[in-house]
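My notes are below, in the order I took them.

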Amino acid sequence: MSRLRRALPDGVLRARPTGYLLDVDPAGVDHVRFEDLIGQARAAAEPAAAVALFRQAEALWRGPALADATDAPFARPWRVRLDELRFAATEERIEAGLGIGERVVAELEALVAAHPLRERLVALLMRALHDAGRGAEALAAFERCRARLAEELGADPSGQLVEVHLAILRGEAERERRGPAAGNLRAALTSFVGRDAELGAVRRLGAVRRLVAVRRLVAAGRLVTLVGPGGAGKTRLSVEAGRTLRDEAPEGVWLVELAPVTDAEDVIQAVWAALGLRDPAGKPAPGLRTGGTDAADAPRRLADAIAHRRLLLILDNCEHVIGPAAALAERLLGESPHLRILATSREPLGITGEALYGVEPLPLPPGGADPAAAECFPSVRLFRDRAAAVRPGLTLDAATVDAAVRICRALDGMPLAIELAAARCRSLTPAQIADRLADRFRLLTRGSRTALPRHQTLRAVVDWSWDLLAEPERAMLRRLAIFPGGATAESAAAVCDPGGLLGDPDELLATLVEKSLLIVGDDLRYRMLETIRAYGLERLEEHGETDELRRRHGAWFLALAERLEPSLRTGAQLESLAVVGAVPATHPRAQRRARAPRADHQARRHGGAVGWYLLVG
């Protein structure tokens, strides 16, 4: 031990009651570094990066695992585990290398000769031979493995090995070797701002892998739905994610635009049209339908057409045909094992296996941010880029940054609304735009002429979501706009529907959350984006309900304040302050309403109830 202490760094060898402990940083242990590098390689987004990490991990090996421990009992299970990890890492490195065109035939032939019954190696060798233009030898390798399995084990090749064999016979592997199909994604016309983190998350959830690299169906991630309010950028995010997945979709990434579809049966025809295929029943395009058995068989025909294709479908704007889109997605995924679907919708498809990713507004800068701080926020960068496109020379400086921040904050960081505001910079200054956002629906009307009608004006964006609601949902949404700071389920029921005529308030609130019109926070308060709230207040005025809802809201807050007022002078003071303080934007308005004509008595009650709160809080 004395000699060890002299040879080792200070503090590494520690005495314990039962002996000595070699206290080493895990980063200094080669097998720990090996496993860490393997984990990084498996999580790498790009094959080239994965190959580099796998090579670093393999370079840590200098012979058999725990060679100096000979046959010590403690070493045997560790040796087996580490050797298997090393072998698996080699296989995964070769597989990733094939994806970037590395020549690995010689290495694989040596490995297969040493391990002839390891089917994954045989499959990799078949791929490598085929990629090198030696298809006959690839088929011969399969036959040798099949014969050896039958002779030594009395077994047939695994399903994965058979799939690789069939892919080579059908020519599917040849298509993959030539490279991925282009699909139908159009080139981007503007920069993609502020969604780097979301893009990475969507890529991890919905990554499409090549057939020969996939050994079994991956249950999680075959269907990913981007959900969020209108104008949040779901379509653009899905298209950009699709671009990053092209190399992993051998037969292309295909955008299916469902916005123009008005009939449920046309959803299937929209997929046919996007893929550039023709329905065998002779239905050439959306809008032409047949009845009876032919219509009932339409999903089966489409599933048959793509059953063996490895592609990614982007089903865009599903909300208005949510039922048919969900049914079709479930049918196609069930019958097309190599298919992946990335959907966008204002509400989930609601089928088994769906992974949801919420597309939220862009992060907002704090009020009063200087130019350098403001440009750190993607909402401000988006405004700057789009404004500079219509007004060359416009930059964010001390004179314009305050207006840009006010615009982004007033518009909740919604990308479409920010782009509509930026388009106004051709005729107005940012400060003028910020000052006029009180009438945002009249101001923000200059969208792209080629955009969907519902994306050309801010009002049309919200109209689209409104039109998809049932009447009880519309009533609840417009009445909730009376709450500036959000509402709890209890206050929503008391103010918006005291008679219970609309239905179950909890169910209505849950539906509006699912349809991306309400946001529920950790405090279980239901809030609206300011644009949706402004729209709701307009609808409330149209229905002549504003005065009644204000009266109910004032009465509700007065009852809350009177109920909690005694506890503000007890040990429950902090809890009561938290309850009343959770509605910071309500009591000033409630006081003003209480002071309205013919409300003197209510005003006195209100002042008495909140006096202690205002004093203590």
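**Entry 1: the model.** I am working from a predicted model. I keep that in mind throughout.

**Entry 2: strand order.** I looked up the sheet first. I found an open sheet of 5 strands, with parallel pairing. Its order reads β4-β5-β6-β3-β7. I then checked the edges. They are β4 (253-257) and β7 (354-358), and each pairs on one side only. Neighbouring strands are turned by 20° against each other on average, direction ignored.

Entry 3: I followed β4 to its partner. β4 pairs with β5 (residues 312-316) in the parallel sense, over 5 bridges. For a landmark I picked Trp254, whose bridge partner in β5 is Leu313.

**Entry 4: helices on the sheet.** Which strands does helix α12 touch? α12 (residues 266-275) packs on the sheet against β4 and β5. I noted its direction too: about 140° with that of β4. Next I looked up helix α15 (residues 322-335), which also packs on the sheet. α15 touches β3 (223-227), β5 and β6 (340-345). The direction of α15 makes about 170° with that of β6.

**Entry 5: strand β3.** I wanted the neighbours of β3. 5 bridges join β3 to β6, and the two run parallel. Thr225 has Ala343 in β6 as its bridge partner. Toward β7, β3 is again joined by 5 bridges, and this pair runs parallel. There I marked Val227, with Gly358 in β7 as its bridge partner.

Is β3 covered or exposed? I found it mostly covered, with 5 of its 5 residues buried. I then sorted the side chains by direction. Leu223, Thr225 and Val227 point one way, while Val224 and Leu226 point the other way. All of these are buried.

**Entry 6: a helix pair.** I moved on to α17 (residues 378-390) and α19 (residues 415-423). Their axes come within 8 Å and cross at roughly 35°. α17 passes α19 in a right-handed crossing.

Which residues meet here? From α17 I listed Ser379, Leu382, Phe383, Arg386, Ala387 and Val390. They meet Pro415, Ile418, Glu419, Ala421, Ala422 and Ala423 in α19. I sorted this contact by residue type: 9 nonpolar, 1 polar and 2 charged.

Terms used
Residues are numbered from 1 along each chain as its sequence is written. This is a predicted model: local features need pLDDT of at least 70, side-chain atom pairs count only at pLDDT 80 or more; totals for chains, interfaces and linings use all residues. Side-chain values use heavy atoms; hydrogens and water are left out. Axes are lines fitted to C-alpha atoms, for helices over the stretch in contact, and angles run from 0 to 180 degrees between N-to-C directions. Helices (H or I, at least four residues) and strands (E, at least two) are DSSP runs, numbered from the N terminus. A crossing is left-handed if the near helix is turned anticlockwise from the far one by less than a right angle, and right-handed if clockwise. Contact means heavy atoms within 4.5 Å. Ala, Val, Leu, Ile, Met, Phe, Trp, Tyr, Cys and Pro count as nonpolar, Asp, Glu, Lys and Arg as charged, and the others, Gly among them, as polar. Two strands pair if DSSP finds at least two bridges between them. Buried means under 20% relative accessible area, exposed over 50%, partly exposed in between (1.4 Å probe, protein chains only).
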